[in-house]
Amino acid sequence: MQGEVGKEDEEKWLAEGIGGLQQNAFYMRRAMDSNNLRDALKYSAQMLSELRTSKLSPHKYYELYMRAFDELRMLEMYFKEEIRRGFSVTDLYELVQHAGNVLPRLYLLCTVGSVYITSKEAPAKDVLKDLVEMSRGIQNPISGLFLRSYLSQISRDKLPDISSEYEGDADSVLDAVDFVLQNFTEMNKLWVRMQYQGHPRDKEKREKERNELRDLVGKNLHVLSQLESVDLGLYKETVLPRILEQVVNCKDDLAQYYLMDCIIQVFPDEYHLQTLETLLSACPQLQPTVDIKTVLSCLMDRLSNYAASSAEVLPEFLQVEAFSKLSTTIGKVIEAQADMPAVGAITLYVSLLTFTLRVHSDRLDYVDQVLGACVKKLSGKAKLEDSKATKQIVALLSAPLEKYNDIVTALKLPNYPRMMDHLDNETNKIMAVVVIQSIMKNNTCISTSDKVEALFELIKGLIRDTDGSISDELDEEDFKEEQNSVARLIHMLHSDDTDEMLQIICTVRKHILLGGSKRLPFTVPPLIFSALKLVRRLQNQNGDTVSEDVPTAPKKIFQILNQTIEALSAVPCPDLALRLYLQCAEAANDCDVEPIAYEFFTQAFVIYEEEISDSKAQITAIHLIIGTLQRMSVFGVENRDTLTHKATGYSAKLLKKPDQSRAVYACSHLFSVDDQDGEKDGERVLLCLKRSLRIANAAQQMSNASRGTSGPLTLFIEILNKYLYFYEKGNSQITSSAIQGLIELILTETQSESAAVDPSATAFFNSTLRYIRFQKQKGGPLGDKYEPIKV
């Protein structure tokens, strides 16, 4: 309620001030129209007396000031007209000093002073010096700031600068600089003094008001930057030291932060580079509460952009040792501000690293030095839990990846992995994913085992539980995505040197086996296939049979593969292990190493027998075994018979009769491959098909007994198609009469009342019959073969 009343009161006071100002302005303009100078001065002084109020906030005071400013513009034009009519400007300058109150008097003096300088009856430097000195008569902060702002505004185009019509002698140029600096100093003192006025409970309100007035002070620095006389030499010797002296001595955090930012923003980048040591020397002297990280970040950003603007300026950075000075200053600032939070220090190092990567990208020692300094700052502390701090560390670690587009370069930085150790587990994983994504994006090839070792140590948060955390607590989808990214990474590891590639595989294996049972199903397969790729390369290099005398012998790789797949038994993950054993068996077959191929098949059968109990999984597994065994050519008669009979036996023991039938007729292909003598065992093919048919009949009978109807005929039709396949392949044991009998059997079953109606089976059978007719019509040797079959 009090705040509302105060606001209403302020609006009332502003209205009263504007009313009084407008009334006196009306009389002032009427006196000006009647050419009555004394009355014009009297009413203008009364008008300006409204600015003496201390009841208004800076925002409301500004409204009043701007109305007075507009009237003063008209008054200045009137004064110029009077001078042209012959009135002495010196007399006018003396006359306005008789105003009763000091504030109106000084506004009038500034207005006449502007006319005085324009008339050139006195040197501009003398008038300006007089005005800036007399303005000290106003010590009220708000009134004084607006008065000096008015002085700065009316004088900025009348300063005795180089090429100015008011230039004068050489010393007058220095006087112009001195005038602006003096006005700046006094304004800053008034601005700082505001914080000590009023009751302590209103401190927050005063800080807000001070923030509203800061641009009045900063405009002086902008004026300085626009002076042609302020070259690098004058800036270095006079301007910057005097500004920094005022900044440091005012001991006010708001003023120090704003003015340092102003210096950086308004003066040229070249000046900052050449006066870097002077500018940076002030940073550790600032108040601990000053947001120095933002100031320094802004400075480094400007210098980085300056360096990027032209390659010609880069030698200047080396000449002034910019990196060394910035690094030293940041260290001193962090040391001086002992209470600076970790996020502040890390932010400073992020800015320094960004500067380094843009200006000295070829200096990896500089990059590592920045990382090392940050590691030193964080040493002895627990892993960061502050989200803002961890975000900055991620930015710090991401910067080299984005710059070099090459993780290999980052791996050359000793402090890079040490920096990652300060991340919490979740953020460490995020950063590891960023590293992997960088490798994928840039198609980076990691080609040596020591680099792989360094890389996997870097991303250890993804490949193992670093602190004993329980993987079950992780989000399942996130976990899968993380491990899939590791799997993709393993495929990116490659070396043209086979010995080095084997070392890479061993290094990866060492790391992933520490990953725990949940990770192995994701990380073991890519390692297995990477090793198998190496086996194929060795085979191509040394012919069909690879000698064991080669340093990287396939047998050694197969031993590693066997041991690696065995690790999956702890998961357990029998389906995956079986598939991998079969893949390795195929590779051993291509390398013509029968004992190893047989051992892999043996392991696959052991897994099938002991670990795969689900009926659906058994079906899939037995078909995989049959398909792989069919492609094997390395086995002798004895080993092939053993494995083939094993596969056939497992097929006949599946839970469901239809599954048994399908697996058994699939086994027929195992006897249709060339044996050692180049012949095929047609009789055993026929035995498999007949056995499959008997099982299918049994399935039909069981269905009829239990349901009262026969099962679908799809199985018979599938067996018919197998007969046709081997018949076309020239198997002498498969006769046309056997096929004819099977067709008639299916037709009889189809017409039976107990047969189940299955449109898909009917369509399948009709399609098979159409094929037979087509071959007969087509003619030729195959057509002749089909001729005896009646359909």
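Guide: A disulfide is a pair of cysteine sulfur atoms within 2.5 Å. The model shown here is predicted.

Visitor: How many disulfides does the structure hold?
Guide: The sulfur of Cys262 has its closest cysteine sulfur in Cys298, 10 Å away, which is too far for a bond. For Cys584 the closest cysteine sulfur is that of Cys591, and at 11 Å this is also too far for a bond. The number of disulfides in the structure is 0.

Visitor: Is Cys584 buried or exposed?
Guide: Buried means under 20% relative accessible area. The relative accessible area of Cys584 is 0%, so the residue counts as buried.

Visitor: How many salt bridges does the structure hold?
Guide: Side chains of opposite charge can pair when their charged atoms come close. Here the cut-off is 4 Å, from a side-chain nitrogen of Lys or Arg to a carboxyl oxygen of Asp or Glu. One of the pairs is Glu82 with Arg85, whose closest N and O atoms are 2.4 Å apart. The structure holds 31 salt bridges.

Visitor: In the salt bridge of Asp157 and Lys158, which side chains meet, and what is the relative accessibility of Lys158?
Guide: The side chains of Asp157 and Lys158 meet at 3.0 Å, N to O. Asp157 has 53% relative accessibility and counts as exposed. Lys158 counts as buried, because its relative accessibility is 8%.

Visitor: How many residues apart in sequence are the parts that Lys325 and Glu277 tie together?
Guide: The side chains of Lys325 and Glu277 form a salt bridge of 3.8 Å, N to O. Lys325 belongs to helix 16 (residues 322-336) and Glu277 to helix 13 (residues 276-281), so the parts tied together are apart in sequence by 48 residues.

Visitor: Which residues form the negative surface patch?
Guide: Patch residues need over 30% relative accessible area and no salt bridge. Asp478, in helix 25 (residues 476-491), has 46% relative accessibility and counts as partly exposed. The patch is formed by Asp478 together with Glu426, Asp475 and Glu477.

Visitor: Near what value is phi of Asn35?
Guide: Most residues other than glycine have a negative phi. Asn35 lies in the loop between helix 1 (2-33) and helix 2 (37-48), and its relative accessibility of 39% makes it partly exposed. Its phi is positive, near 60 degrees.

Visitor: Where is Lys251 found?
Guide: Phi of Lys251 is also a positive value, near 50 degrees. Lys251 counts as exposed, with 55% relative accessibility. The residue is found in the loop between helix 10 (232-250) and helix 11 (253-266).

Visitor: How many Å apart in space are Leu286 and Lys251, C-alpha to C-alpha?
Guide: Leu286 lies in the loop between helix 13 and helix 14 (292-309). Leu286 is buried, with a relative accessible area of 5%, whereas Lys251 is exposed. The two residues are 35 residues apart in sequence, and their C-alpha to C-alpha distance is 7.2 Å.

Technical notes. Residues numbered from 1 in each chain as written. Predicted model: local features only at pLDDT ≥ 70, side-chain atom pairs only at ≥ 80, totals over all residues. Heavy atoms only, no water. Patch = residues over 30% accessible without salt bridge, like charges linked within 9 Å, V, L, I, M, F, W, Y side chains within 5 Å. Areas by Shrake-Rupley, 256 points an atom, 1.4 Å probe, with all protein chains shown as cover. Lys, Arg positive; Asp, Glu negative; His and termini not counted. Charge placed at Lys NZ, Arg CZ, Asp CG, Glu CD. Helix = DSSP H or I, 4+ residues; strand = E, 2+ residues; numbered from the N terminus. Buried < 20%, exposed > 50% of the residue type's maximum accessible area, 1.4 Å probe, protein only.
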